[in-house]
Amino acid sequence: MLKIGDRMVTTKDLILVGVLILVAIAAIWAMVGSKPKPVIGMPGTGMVLMQGGQPGSGLGQFSYPRGIAVNNKGEVYVADSKNHRVQRFNGKDWQLMSDFGGFANVGGGDVKKLVADSPGKLNEPNGLSIGPDDNVYVIDTWNGRVQTFTSRGSHKQTFAVDDGFFGPREIVTDANGFFYVADTGKHRIVKFDSKGQKVRVWGNKGDKPGEFNEPIGLALDQAGNLYVADRLNFRIQVFNADGIFVKQWAVKGWSKEQIDMEPHLALDQIKGLLYATDGRGKAVYCYKLDGTLVSTIAKDAQGNNLFSVPLGIAVDKEGNVYVTDAGAGKIYKIKGQ
């Protein structure tokens, strides 16, 4: 015991005083402390490592999320398509770090007439890719262009092709800064150098090798081969860096329906595995690079459908798989194969 003046203070009294001090500190922090930014998800169990998000337009919410990308720091970028923006999250705790883009309708009300002199604004962004310089390449689908941003979302450049894109959907960059665009509406692939100059164009509408019917998803392997989700030909085609056809294989789950049928691709370069989404089939397929199906990811631990409309997909350096669920307005982090 401790004597203070004429009063004997017991250990119990000291503990009580300590608790009251902590409560007071917590109350002061709640009143004047900074409010935390939104967090989109919480850790899961089993195959699903993390999940979160909900439909809406607020920060940390999504309206038909499509493309997704992960940089070497583990930061996750999501093309929040119908909110016309990109949101960036910390991949460890899914706390919102920043958002950029935004909708700029200066064309008299028609969303497809947004003028190209609104740098940094987006109209239904889709594919995302992280360049070797850590810049973020964004397919600005209904502005018909590619825009690049710093890792924190500051606008840098805008690229297009001389004869114009028509509804481009996906982009992928290689280690040398070359980037490839799936020009979906024109049934072709366009390759650019690191300065945004067109290097090569190949493809036209058809079903022969080297032809396309609405190509969407793109991925690159360690050898520089390009994998293309040839949507309405229900196949994946593979080309070398010069656009020369290498091989193809059929994807049995893909179907003719237009709605929700936007297959994206992601490649685990270390394990040599290619992931492909199937929005209509509510599944993600995992292939070896020779086209052999390894697994189908579609159910949770209880046997229920895991996804509503899986579209965008990415793989981090640890082999974890990230999937955007456009139908549910959610993002999943899944243990890779």
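Ala, Val, Leu, Ile, Met, Phe, Trp, Tyr, Cys and Pro count here as nonpolar, Asp, Glu, Lys and Arg as charged, and the others, Gly among them, as polar. By these classes, the lining of the largest pocket comprises 20 nonpolar, 12 polar and 7 charged residues. The structure is a predicted model, in which local features need pLDDT of at least 70 and side-chain atom pairs count only at pLDDT 80 or more, whereas totals for chains, interfaces and linings use all residues. Residues are numbered from 1 along each chain as its sequence is written, and side-chain values use heavy atoms, with hydrogens and water left out.

The secondary structure of the chain consists of 1 helix and 27 strands; helices (H or I, at least four residues) and strands (E, at least two) are DSSP runs, numbered from the N terminus. Of the 337 residues in the chain, 51% are buried, where buried means under 20% relative accessible area, exposed over 50%, and partly exposed in between (1.4 Å probe, protein chains only). The accessible surface of the chain is about 15700 Å², and 53% of this surface belongs to carbon and sulfur atoms. Accessible areas come from the Shrake-Rupley method with a 1.4 Å probe; for residues, only the protein chains shown count as cover. Contact means heavy atoms within 4.5 Å. Among contacts between residues at least 6 apart in sequence, 43% join residues at least 24 apart.

The pockets were considered next. On a 1 Å grid over the protein atoms alone, a pocket is an open set of points with protein on both sides within 12 Å along at least five of seven lines, while a cavity is a set of points where a 1.4 Å probe fits but cannot get out; lining residues have an atom within 4 Å of a point. Grid points are joined across faces, edges and corners, and a volume is the space filled by probe spheres set on the points. The largest pocket holds about 1000 Å³ of space. It is lined by 39 residues, of which I130, T173, L267, Q269 and V315 are the closest to its centre. At least two lining residues of the largest pocket come from each of β5, β9, β13 (170-173), β17 (215-220), β21 (265-268) and β25 (310-315).

The second largest pocket has a volume of about 320 Å³. Its lining has 20 residues, and those closest to its centre are W142, R169, E214, R231 and E262. This lining divides into 6 nonpolar, 7 polar and 7 charged residues.

Side chains of opposite charge can pair when their charged atoms come close. A salt bridge is defined as a side-chain nitrogen of Lys or Arg within 4 Å of a carboxyl oxygen of Asp or Glu, and the whole structure contains 11 salt bridges. One of them joins the side chains of R66 and E124, at 3.6 Å from N to O. Because R66 lies in strand β5 (residues 65-70) and E124 in the loop between β8 (96-101) and β9 (125-130), this pair ties together parts that are 58 residues apart in sequence. R66 is buried, at 9% relative accessibility. R66, E124 and E262 are linked in a network of salt bridges; E262 is also among the residues closest to the centre of the second largest pocket.

A further salt bridge connects D183 and R188, at 2.7 Å from N to O. D183 is buried, with a relative accessible area of 0%, and R188 is likewise buried, at 8%. In the salt bridge between D242 and R200, the closest N and O atoms are 3.7 Å apart. D242 lies in the loop between β19 (235-239) and β20 (245-250) and R200 in strand β16 (residues 198-202), so this pair ties together parts that are 42 residues apart in sequence. D242 is partly exposed, with a relative accessible area of 46%, and R200 is partly exposed at 28%.

M47 lies in the loop between β3 (41-43) and β4 (48-52) and is partly exposed, at 30% relative accessible area. M47 and A301 are 254 residues apart in sequence, yet 7.6 Å apart in space, C-alpha to C-alpha. Leaving aside neighbours within four places in sequence, M47 is in contact with I297, K299, L306, K333, I334 and K335. W94, in the loop between β7 (85-90) and β8, has a positive phi of about 60° although it is not a glycine; W94 is buried, with a relative accessible area of 2%. F234, in the loop between β18 (226-230) and β19, also has a positive phi, near 55°, in a residue other than glycine. F234 is partly exposed, at 24% relative accessibility.
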